[in-house]
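This report goes through one structural model, from the overall fold of a chain to single backbone angles. Please keep the sequence and the coordinates at hand while reading.

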Amino acid sequence: MVGEIRIENVYKSFKNSDPAKEDLVALNGFSLDIKAGSFVSLIGPSGCGKSTLLRIIGGLDKATEGKIFVDDKEIKKPGSDRGFAFQGSNLFPWLTVEKNIAFGLKARHIYKDHKKDVEEYIKLVGLTGFEKSYPHQLSGGMQQRASLARALVGHPNVLLLDEPLGALDAFTRMNLQDEILNIWKEHDMTMVMVTHDVDEAIYMSDYVVVMSARPSKVEAIMKIDLPRPRARAQDTFQEYRTKILKVLDLGGKVEDIEYYL
Amino acid sequence: MKSKGLAVLKLFLPYLAIAVSLLVYFLVPGNGKQKQTDHPYYVYFLLILGVGFLVFALVGIFNSNIRKTAFEKAPFFTGVIIFLLFLNFITTKTLLLPTLYFPSLDRIIGLIVENKWFLLKNVLDSFGLLGKGFLWGVSVGFLTGLALGYSKHVGYWLTPVTKVIGPIPTTAWIPLALSTFPTTQSANVFLIAFAVWFPVTLMTSSGIQSIPNVNFEVSKTLGASTFYQIVHVAIPAAMPSIFLGIFYGTVSSFATLMAVEMNGNSSGIGWYINWQKSVMMYDGVYAGLIIIAAICSLTLTILFKVRDKVLVWQKGVIKW
């Protein structure tokens with residue numbers, strides 16, 4: 001199994017644009033081990049640094065201090081061992097679906113030997129027949145599928161998902177959740193997903209990492225001990241949900257609101 | 001049935017207009033001030049228009065696209081013929097306008113026909129000058145724009161310089177260019193290139209700077225090198241903006257072309273207009289204007305055809 005991630009004491013601060021003011025601390029000594037082949041969700045309040053953490057794993061940002069290893073290799077910059085699915089599809093609008101998916105292979109000059117992979121992934125995400133379409137001709141869900149295929153076609157060991165389904169409607173979203181899980185099962189990879197959606201996190205993950213507000217650290221790691229495939233409407237779901245909301249300190253607010261009514 | 005009959009009637013409108021034009025041409029007495037031409041060129045022109053439209057409509061019987069265009073354009077076409085009739089009526093049948101400055105259509109069309117080779121030579125000279133200046137302007141403008149947009153250091157030092165030099169109207173450079181460059185021709189090429197350079201530079205660099213950063217992040221995570229990113233992300237993403245720059249540049253290059261040709265050149269269509277004006281031959285001035293309109297419009301049409309090919313992925317920004 002490959003795709004093990006070790007996050008060691010990562011500290012990340014952003015320089016304030018006003019040099020007189022203090023730096024903004026996003027991550028304050030964050031440590032986490034992610035087992036190879038697992039599906040982990042990062043959840044937490046807005047601005048808690050979960051996206052920052054994901055970007056550091058992806059090599060897009062540098063940790064101010066601390067180290068991250070993927071399969072015992074220290075992360076310094078983006079690499080083909082890690083795929084990254086961004087918020088929104090972010091397909092290149094000037095390329096067709098096919099060329100968008102082939103972009104990484106071409107950039108790495110390995111397209112000739114992997115032409116088959118492009119076809120395979122187009123099929124896998126159900127976009128056969130849309131190879132020559134431009135992104136603006138596709139629906140939001142289809143764009144997101146193409147974007148997933150683009151991140152996956154280079155066979156990364158780790159797929160990092162930054163709220164990939166945030167912009168989609170509920171039905172498309174559920175569909176794509178299942179498709180991502182299928183890909184995850186079939187391709188033996190580690191997936192780390194940042195999400196705002198507690199239900200999504202419970203439905204998809206082996207572990208849900210609940211992060212606290214800035215400067216953030218791990219508040220709780222919750223193992224979701226439910227058999228797969230999971231049913232969305234089950235009672236145990238509610239228990240996990242209550243637990244997570246409590247950790248996030250949102251569980252008790254319902255009564256407060258009643259008081260005002 | 002009735003509406004279909006009416007639609008077919010539309011196709012006869014241009015012929016009705018031509019018939020009226022001919023009646024006016026031959027039956028209404030002239031003002032006697034216009035110089036007579038050897039041939040009734042305006043009549044020939046009307047007949048050619050009529051035959052052309054007929055051929056178009058006949059092809060339309062077999063081709064539905066052309067048929068649609070024929071129906072759609074028939075009223076407009078009629079309008080053009082009526083406008084010409086109006087012009088001809090005022091200039092040859094009345095004394096409303098001084099005939100010296102407003103020659104008859106016979107004379108303008110006749111001048112184009114009789115001097116076609118000389119005019120063609122001047123058109124080619126203009127095109128040569130425009131083409132050279134355009135190519136220099138676009139290529140240098142593109143490269144400067146790329147450097148300004150992509151590199152923060154180049155941008156820091158050169159953006160202010162561009163902002164000061166760029167907006168100076170090209171014509172203001174004429175004295176300097178004429179004294180700096182070895183030949184008038186090279187000075188003119190420089191001036192036209194300059195007119196194209198600034199908008200292309202500006203639109204290229206601002207196009208690149210306004211690319212959402214996530215495009216570069218995506219390409220980085222997919223393993224693209226910096227060079228690959230410039231060629232395959234920065235340039236295509238900025239292409240719509242670059243094309244706008246080329247469009248603005250082309251339009252301003254026309255103005256510059258006229259200015260430099262009227263200044264010390266001894267060929268080209270701008271020079272021809274100036275020369276005709278100085279000898280009080282206003283039919284030549286109008287002929288020149290018509291030719292320039294045709295050249296500029298043709299150039300822009302070609303430009304937009306290229307854009308439609310390159311930017312198929314983009315939904316229209318400017319309609320042409």
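What share of the contacts in chain A with a separation of 6 or more comes from residues 24 or more positions apart? In this predicted model, such residues account for 69% of those contacts.

## Overall build of chain A

Chain A contains eight helices and 10 strands. Its radius of gyration is 19 Å, close to the 18 Å that the globule rule gives for 261 residues, so chain A is as compact as a globular protein of that length. The C-alpha trace of chain A spans about 60 × 45 × 40 Å along its principal axes, and buried residues make up 41% of the 261 residues in the chain.

Helix H3 of chain A runs over residues 115-124, and its buried residues are A:Asp117, A:Val118, A:Tyr121, A:Ile122 and A:Leu124. These residues lie on the same side of H3(A), because they cover an arc of only 160 degrees around the axis. An α-helix has 3.6 residues a turn, so residues three or four places apart point the same way.

On the other side of H3(A), the exposed residues are A:Lys115, A:Lys116, A:Glu120 and A:Lys123. Just after H3(A), the backbone reaches A:Gly126, which takes a positive phi of about 70 degrees.

## A helix pair in chain B

In chain B, the axes of helix H3 (residues 41-62) and helix H4 (residues 64-93) come within 10 Å and cross at roughly 170 degrees. Since that angle is over 145 degrees, H3(B) and H4(B) are roughly antiparallel to each other.

From H3(B), the residues B:Tyr42, B:Leu49, B:Phe53, B:Phe56, B:Ala57, B:Val59 and B:Gly60 meet B:Ile66, B:Arg67, B:Ala70, B:Phe77, B:Ile81 and B:Asn88 of H4(B). Sorted by class, this contact between H3(B) and H4(B) has 10 nonpolar, two polar and one charged residues.

## Where the chains touch

Between the chains, 16 residues of chain A are in contact with 15 residues of chain B. On the side of chain A that touches chain B, H2(A) gives the most, with three residues, and the residues of that side divide into 10 nonpolar, five polar and one charged.

## Loops and backbone angles

Most residues other than glycine have a negative phi, and most peptide bonds are trans. Against this background, A:Asn90 has a phi near 50 degrees, a positive value in a residue other than glycine; A:Asn90 lies in the loop between E6 and H2 of chain A, and it counts as buried because it has 20 C-beta neighbours inside 10 Å. B:Met280 also has a positive phi, near 60 degrees, and is found in the loop between helix H12 (269-278) and helix H13 (282-310) of chain B, but B:Met280 counts as exposed, with 10 C-beta neighbours inside 10 Å.

The peptide bond from A:Arg228 to A:Pro229 is cis, with omega near -5 degrees, and A:Pro229 belongs to the loop between strand E10 (218-223) and helix H7 (235-247) of chain A. Another loop of chain A, between strand E5 (73-74) and strand E6 (82-85), holds A:Lys77, which counts as exposed with 10 C-beta neighbours inside 10 Å. The C-alpha atom of A:Lys77 is separated by 8.8 Å from that of A:Ile57, 20 residues apart along the chain.

Methods. Residues are numbered from 1 along each chain as its sequence is written. Chains are lettered from A and ligands numbered from 1 in the order in which they are written. This is a predicted model: local features need pLDDT of at least 70, side-chain atom pairs count only at pLDDT 80 or more; totals for chains, interfaces and linings use all residues. A residue is buried if 20 or more other C-beta atoms lie within 10 Å of its own, exposed if 12 or fewer, and partly exposed in between; C-beta atoms are placed from the backbone. Helices (H or I, at least four residues) and strands (E, at least two) are DSSP runs, numbered from the N terminus. The arc is that of the directions from the helix axis to the C-beta atoms. The radius of gyration is taken over C-alpha atoms; the globule rule is 2.2 Å times the number of residues to the power 0.38. Two residues are in contact if their C-beta atoms, placed from the backbone, lie within 7 Å. Axes are lines fitted to C-alpha atoms, for helices over the stretch in contact, and angles run from 0 to 180 degrees between N-to-C directions. Angles under 35 degrees count as roughly parallel, over 145 as roughly antiparallel, 65 to 115 as roughly perpendicular and the rest as oblique. Ala, Val, Leu, Ile, Met, Phe, Trp, Tyr, Cys and Pro count as nonpolar, Asp, Glu, Lys and Arg as charged, and the others, Gly among them, as polar.
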